[in-house]
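Me: I have a model open and want to go through its ligand sites and one chain contact. Can you take me through them?

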Protein chains: 6
Amino acid sequence: MIVIFIMILERCPSGIPGFDELCEGGFIRDRTYLVSGVSGSGKTIFALQFLVNGAKEYNEPGIFIATEERPQSIREYASTFGWELEKLEDENMLAIVDATSTKIGLPSDEKYVDIRPFDTRSLLDQVISIQDEIGARRAVVDSTTSIGFMINDVPKFRIELLKISTTFEILGLTSIFTCEIVEGSQAISRFGVENFVTEGTVVLRFERSGNVRIRALEIVKMRGTKHSYKMHPFDITDNGIVVYSGEEVITGV
Amino acid sequence: MIVIFIMILERCPSGIPGFDELCEGGFIRDRTYLVSGVSGSGKTIFALQFLVNGAKEYNEPGIFIATEERPQSIREYASTFGWELEKLEDENMLAIVDATSTKIGLPSDEKYVDIRPFDTRSLLDQVISIQDEIGARRAVVDSTTSIGFMINDVPKFRIELLKISTTFEILGLTSIFTCEIVEGSQAISRFGVENFVTEGTVVLRFERSGNVRIRALEIVKMRGTKHSYKMHPFDITDNGIVVYSGEEVITGV
Amino acid sequence: MIVIFIMILERCPSGIPGFDELCEGGFIRDRTYLVSGVSGSGKTIFALQFLVNGAKEYNEPGIFIATEERPQSIREYASTFGWELEKLEDENMLAIVDATSTKIGLPSDEKYVDIRPFDTRSLLDQVISIQDEIGARRAVVDSTTSIGFMINDVPKFRIELLKISTTFEILGLTSIFTCEIVEGSQAISRFGVENFVTEGTVVLRFERSGNVRIRALEIVKMRGTKHSYKMHPFDITDNGIVVYSGEEVITGV
Amino acid sequence: MIVIFIMILERCPSGIPGFDELCEGGFIRDRTYLVSGVSGSGKTIFALQFLVNGAKEYNEPGIFIATEERPQSIREYASTFGWELEKLEDENMLAIVDATSTKIGLPSDEKYVDIRPFDTRSLLDQVISIQDEIGARRAVVDSTTSIGFMINDVPKFRIELLKISTTFEILGLTSIFTCEIVEGSQAISRFGVENFVTEGTVVLRFERSGNVRIRALEIVKMRGTKHSYKMHPFDITDNGIVVYSGEEVITGV
Amino acid sequence: MIVIFIMILERCPSGIPGFDELCEGGFIRDRTYLVSGVSGSGKTIFALQFLVNGAKEYNEPGIFIATEERPQSIREYASTFGWELEKLEDENMLAIVDATSTKIGLPSDEKYVDIRPFDTRSLLDQVISIQDEIGARRAVVDSTTSIGFMINDVPKFRIELLKISTTFEILGLTSIFTCEIVEGSQAISRFGVENFVTEGTVVLRFERSGNVRIRALEIVKMRGTKHSYKMHPFDITDNGIVVYSGEEVITGV
Amino acid sequence: MIVIFIMILERCPSGIPGFDELCEGGFIRDRTYLVSGVSGSGKTIFALQFLVNGAKEYNEPGIFIATEERPQSIREYASTFGWELEKLEDENMLAIVDATSTKIGLPSDEKYVDIRPFDTRSLLDQVISIQDEIGARRAVVDSTTSIGFMINDVPKFRIELLKISTTFEILGLTSIFTCEIVEGSQAISRFGVENFVTEGTVVLRFERSGNVRIRALEIVKMRGTKHSYKMHPFDITDNGIVVYSGEEVITGV
Ligand SMILES: Nc1ncnc2c1ncn2[C@@H]1O[C@H](COP(=O)(O)OP(=O)(O)O)[C@@H](O)[C@H]1O
Ligand SMILES: Nc1ncnc2c1ncn2[C@@H]1O[C@H](COP(=O)(O)OP(=O)(O)O)[C@@H](O)[C@H]1O
Ligand SMILES: Nc1ncnc2c1ncn2[C@@H]1O[C@H](COP(=O)(O)OP(=O)(O)O)[C@@H](O)[C@H]1O
Ligand SMILES: Nc1ncnc2c1ncn2[C@@H]1O[C@H](COP(=O)(O)OP(=O)(O)O)[C@@H](O)[C@H]1O
Ligand SMILES: Nc1ncnc2c1ncn2[C@@H]1O[C@H](COP(=O)(O)OP(=O)(O)O)[C@@H](O)[C@H]1O
Ligand SMILES: Nc1ncnc2c1ncn2[C@@H]1O[C@H](COP(=O)(O)OP(=O)(O)O)[C@@H](O)[C@H]1O
Ligand SMILES: [Mg+2]
Ligand SMILES: [Mg+2]
Ligand SMILES: [Mg+2]
Ligand SMILES: [Mg+2]
Ligand SMILES: [Mg+2]
Ligand SMILES: [Mg+2]
């Protein structure tokens, strides 16, 4: 008699309609994933939706580290999808770290503010103390690309991202790192190293097909997971992203 | 009973024929947008028209920061479209900041002159004091590309643009940053970072289709907005830009 | 009753057969234009013809700043088209500035010689003093590309060109800057900044179509001007350039 | 009578279904091979399977040098294929060197930890001492690309890899170096030098064919070996990689 | 009555069968021309043939500046075409300057040796003194590309080439500068500046058409000259280059 | 009566089946040739076969300078083709210079070892002393690419290669320099200068045609030689390379 021992890793569902069924139920718990795409491809919405769903549907608090825009913009932006971030923040289901304001010399009246200049150590300390407070299970860094520009040294950037992702893993956070790629490039990351520190990569395509742009999602890598190898169309609706997991992109997008 | 809470963000219409209907009525108030395109694609005209319409149709004063050419050239240029900038300036509906002359060692007899060399702090002080005077609601930086060359350090350039856009947002200015891209590149920005500090990107195409060039406008990104994903033809007429929002570009421009 | 105020800018015709009718009668007075093209595309001939026509047909003296070859070569070259530059020089209708000889350590017996190494200030002083003498209305810098190599610092190069073009504008000179682009590139300038300091760009194409090269002229940008968006074939004849404004390039040049 | 002397080199079978029959029975003993591919192409699985098969089927202990992720992640990952690394480690059939944790400033409770910063000498000392302990016959460095980023000097990187591969050869280790290449590039290595220090290169393709990605394996170089020149499809199954040596990739992947 | 004054510039025929008829009888006297092409395209043969024909058919002595190989190799090479350089050297119809040997630390027993390291001044002094001796009318620099690598600073390289070509012009030398371009590039020069110092450019193509390479010659630029705009096939025969001026390359070489 | 003097240069046949008939009987004596190709294209085999044939068929001793792998690997590798290098070494028909071991800090028990770090002078001294001993007529440097990485300065690399090739020429050695080019590039050399120091270039292609790779040999340049301009298929057999000189590659390899 042969006994096959296969460990089943626990999943952390994104709750994004259509996505989790492409990858055995979602991300693997406590791991970090890269969500890449050109400007406007939907990365920020994907990441927010992951946290909002976590809080509302799975009762898992989340942390949003904003390196590109001020928390107030994010709150307003989220509200256009009916996501009331302030409410979640009040309930200790969400914490937003302002890693933007002081970087550009502006004061911040946010609760969580990252000191300047960019310093991984201080950012992680902040996350650890937030953990004490809210016991988060999910995290987002939006975007790693800003961090890359702040660090401005590719090998060092790789190491710092690795520190962040490993610490998140140890803290029990399933996380998304967003990454903005350049229009027209085939690369799946900006600086060519972001995918080194992550367990998988989801690419959000927003490419021209003739006179119109089409949105499609592709799971390029996801360790420990039998995932779709196809590109699936998705929409950005009034309620956020909806992936059409049963459909395929027809044209040569 | 389910109550869906969706916040509707206030719009700032460009007043450019055909444009606002592509994006739920125009830009979002107090946000910054990138208008990209190759040389001659119509960026300066788009930006001027946004301010002139603001002043004349919506009674909103505007600020034009000229980093590429002297205000006098701009006034003459605008006059070819029947836009009398001096008149608007006299009425305190428009202020033009000369951020060119002193940069090249020439005296300026303009009212608003930016000191040399390029310094974000002093530029923003100037804008703040203009705000005191005219209470502007709209602003233009034409072009960020010149600033990029002046700063000559991409990560620093990103930070400086972020300072400018965030300050404009705080000052209550809806603004346009123009960005000149290189012919033949697929990128939507020159230095690869301009779109990081903006809420959306409008690309003005001016590409060869066989033996002729065709003008087309594409909204590549606009947060919080259901916008067209298509390329729409536009013309530069005697009265400025007219976008054919109902038409599509047929050929493979 | 609505009164539309449209300022009509004064034109400076090139006098090149077929060209002026493509752009409402020619260049705008006192502005600078870029004439770009690969090696051998006809830039020097275009620029010389602009000055010779200015002197002979419109009684406007001109200045030719030679950064690439010695004035004597230019005179001989012009003579192959029947243009007697010496005669024009004697009549004070043309001045040639030798900005080449001393740069390479050779003596110059020219009347106007630019000191070494390249220095914008001294070049402009020279132009100003020529202006005193001959009251020029047109000017040519052939080529900016040599200056770019001499300066060897792109942001500085942009600033220096901006100084030159602005000074020329103030001096009442309508001018052409030539720019040599690299075969096979789609760019319209060599260093990516030349078009920033000019009011318009004319590209002279000399591209292979099958086994033969075809010459075509395209106005890529011309502010304040309703110009052709097409590529028009042209020839280099015994009398210089002739543009076939009524014809189009058929093949996919 | 002619006697032809042809030395037959000893083989080290990978045990990966379908692979060894493509190359006369597997790798040549005591040599180093490069396994290249984009992110998600299957390099880590290939390398693990090579070691697990070595231990379980051929009774050959192995060493896994982890430069990208912490051993614990690797153990969990392996378990998804039913490979119980801890068991092998307990039996002294496998040693995992943690060359990640201390690099990012984290403590490691692993048995074998590489000191920081990256130093070839210390890594090789560690390997030599492991050899004393377990008498390994196989080794894996996953990945060289991380080492390349740590060294950040291409010529030095080449020398260090050469040191490692030569030392492994002397220690009697047949080894695999993984190498992550960039999506869209045709190169078979990241820094253009990795293949210089290895006896052969296996490329794992994971390229889009229309709307879906297809996996294929290609032996690009294998010295002393008559190998397939074709691309063979492969799958990642619940038990790891299965190469379809009898099949060919049809489309123009 | 209109008198058209057109100066006819004196020609310097290459004597290469088929070439001179493509360009009104040959090069313009006392000017410098670039002969570009990939490795093996025939540049050295073209240049040698120009000098040999000059000496034998037009009684014009020539100077060959060898920056790439030692004069003895060139003599042997020339002999394969039946060109006895030593004989021409004995008759003072040819001088070969060894600008190679001392550069690599070898002694030279040549009559004319250029000191090390590369120094334009000393090279030109040498040429001037050769002029005194043999009264040369033609010169060759084979190749400028070696000089470019020796100088290793593009703007300086341009200036040095300009010094050489201008001095040659003053010395009454019609000259050829060879330039080796990289396979697969569309550029007509290696460092992008060689054509700046020359009066014209001849490109020798040696491109694959299916499974075979085809030789073709194209005059890309020749000032003051009505030249062919086509690509003409040519052969390298036992007597050197033969251009088929009446034929065209059919395929899309 | 016309007497045509054409010098016939002495040939050094490679002895590789099918090759010499493509180029008038082989290489020119005492000259250096570049053998380029991607990794795995057959360069090392070609070079070894040239030496082994020289020793066995033409009684010409040879020198193999190994910059990439240790002599012992080369001996084992050669043995897979039935070439017993040790035997040739014992008969003083072959000398292998170990220019690898000490570079990476390993001891070498080879007879000929090149000191560290890379130094052309010491390498050439070694070759000169080997010449005294065995009177070699052929030499191989496998590969120049490793030397290029060791020198890490392109202009210096060119000079050093020129020193080596010129010294070999003076020593009476016909030699092959191998050069590893990057997959997907059209260049015929790695650093763009290797072909400058050689008399000819042979490219070994190993390109994908659909799902399979095809081997083909092309003589891109061979001075003083009427050679094939075609690509000829070749195989790597149990006895080394066999070129099918009468066949052509059909597909668009
Ligand atoms: N409320 C909305 N309704 C519909 N589409 C929206 C809405 N908000 C944003 N979008 C779309 O999403 C895009 C921006 O998505 P986002 O996630 O912010 O992009 P990024 O990938 O740059 O982070 C916008 O350009 C727009 O096309
Ligand atoms: N008065 C006008 N009438 C028609 N077209 C014009 C007029 N002025 C400018 N244009 C067109 O607009 C182009 C320049 O637009 P502009 O906005 O200045 O370009 P940029 O994108 O470089 O800022 C010109 O090249 C021309 O084609
Ligand atoms: N006298 C002439 N007759 C006909 N064509 C000429 C004459 N002189 C020059 N040309 C053509 O013009 C080209 C050079 O034009 P030019 O303006 O000097 O080029 P560039 O763009 O490099 O400045 C030559 O290569 C040739 O094709
Ligand atoms: N347990 C599994 N079942 C099926 N496929 C898997 C499994 N684990 C990983 N994969 C596939 O393998 C890919 C990762 O392979 P891996 O060897 O880690 O890639 P890399 O080349 O980046 O090292 C995943 O993206 C997924 O497609
Ligand atoms: N004697 C010859 N007979 C026929 N062809 C030759 C002869 N000598 C050289 N060739 C051809 O000319 C090519 C080299 O020409 P060369 O002018 O030296 O090239 P390059 O452009 O590199 O200077 C050789 O590769 C060969 O194809
Ligand atoms: N004994 C052999 N039998 C058949 N093919 C072989 C043999 N040895 C090597 N090869 C082929 O030759 C290739 C390596 O050739 P080599 O000359 O070492 O390449 P390189 O161009 O990298 O020096 C191998 O990848 C393999 O395809
Ligand atoms: Mg975003
Ligand atoms: Mg503009
Ligand atoms: Mg010119
Ligand atoms: Mg991996
Ligand atoms: Mg040559
Ligand atoms: Mg080799």
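Reply: Start with a term: a residue is near a molecule or strand if one of its heavy atoms lies within 4 Å of it. On that basis, ligand 6 lies between chains D and F.

Me: What kind of model is this, and how is it numbered?
Reply: This is a predicted model, where local features need pLDDT of at least 70, side-chain atom pairs count only at pLDDT 80 or more, and totals for chains, interfaces and linings use all residues. Residues are numbered from 1 along each chain as its sequence is written, chains are lettered from A and ligands numbered from 1 in the order in which they are written, and side-chain values use heavy atoms, with hydrogens and water left out.

Me: How many residues surround ligand 6, and which are the closest?
Reply: There are 20. The closest are D:Lys221, D:Met222, D:His227, F:Lys43 and F:Tyr77.

Me: Which polar contacts does it make?
Reply: A polar contact is a pair of N or O atoms within 3.5 Å; within protein, one must be able to donate a hydrogen and the other to accept it, and residues adjacent in sequence count only if both atoms are side-chain atoms. From chain D, a polar side-chain atom of D:Lys221 sits 2.6 Å from an oxygen atom of ligand 6. A polar backbone atom of D:Gly224 is 2.9 Å from a nitrogen atom of the ligand. From chain F, a backbone N or O atom of F:Gly40 is 2.8 Å from an oxygen atom of ligand 6.

Me: How much of ligand 6 does the protein cover?
Reply: The protein covers 98% of the 570 Å² of accessible area that ligand 6 has on its own. Such areas come from the Shrake-Rupley method with a 1.4 Å probe; for residues, only the protein chains shown count as cover.

Me: Which elements give two or more residues to that shell?
Reply: Strand E10 (212-222) of chain D and helix H1 (43-57) of chain F. H1(F) gives the most, with three residues. Helices (H or I, at least four residues) and strands (E, at least two) are DSSP runs, numbered from the N terminus.

Me: OK, ligand 5. Where does it lie?
Reply: Between chains E and F. Of the 21 residues around ligand 5, the nearest are E:Lys43, E:Tyr77, F:Lys221, F:Met222 and F:His227.

Me: And its polar contacts?
Reply: On chain E, an N or O atom in the side chain of E:Thr44 is 2.8 Å from an oxygen atom of ligand 5. On chain F, a polar side-chain atom of F:Lys221 is 2.6 Å from an oxygen atom of the ligand. A polar backbone atom of F:Met222 is 2.7 Å from an oxygen atom of ligand 5. The protein buries 98% of the 570 Å² that ligand 5 exposes when taken alone.

Me: Switching topic. How many residues does the contact take from chain A and chain D?
Reply: It takes 35 residues from chain A and 34 residues from chain D. Contact means heavy atoms within 4.5 Å. The area buried between these chains is about 3,400 Å², of which carbon and sulfur atoms give 53%. Buried area is the accessible area (1.4 Å probe) that two parts lose on being put together, summed over both.

Me: How many salt bridges between chain A and chain D?
Reply: Six. A salt bridge is a side-chain nitrogen of Lys or Arg within 4 Å of a carboxyl oxygen of Asp or Glu. D:Arg208 forms one with A:Glu218, with the closest N and O atoms 3.9 Å apart.

Me: Which element gives the most to the side of chain A that touches chain D?
Reply: H6(A), with nine residues.
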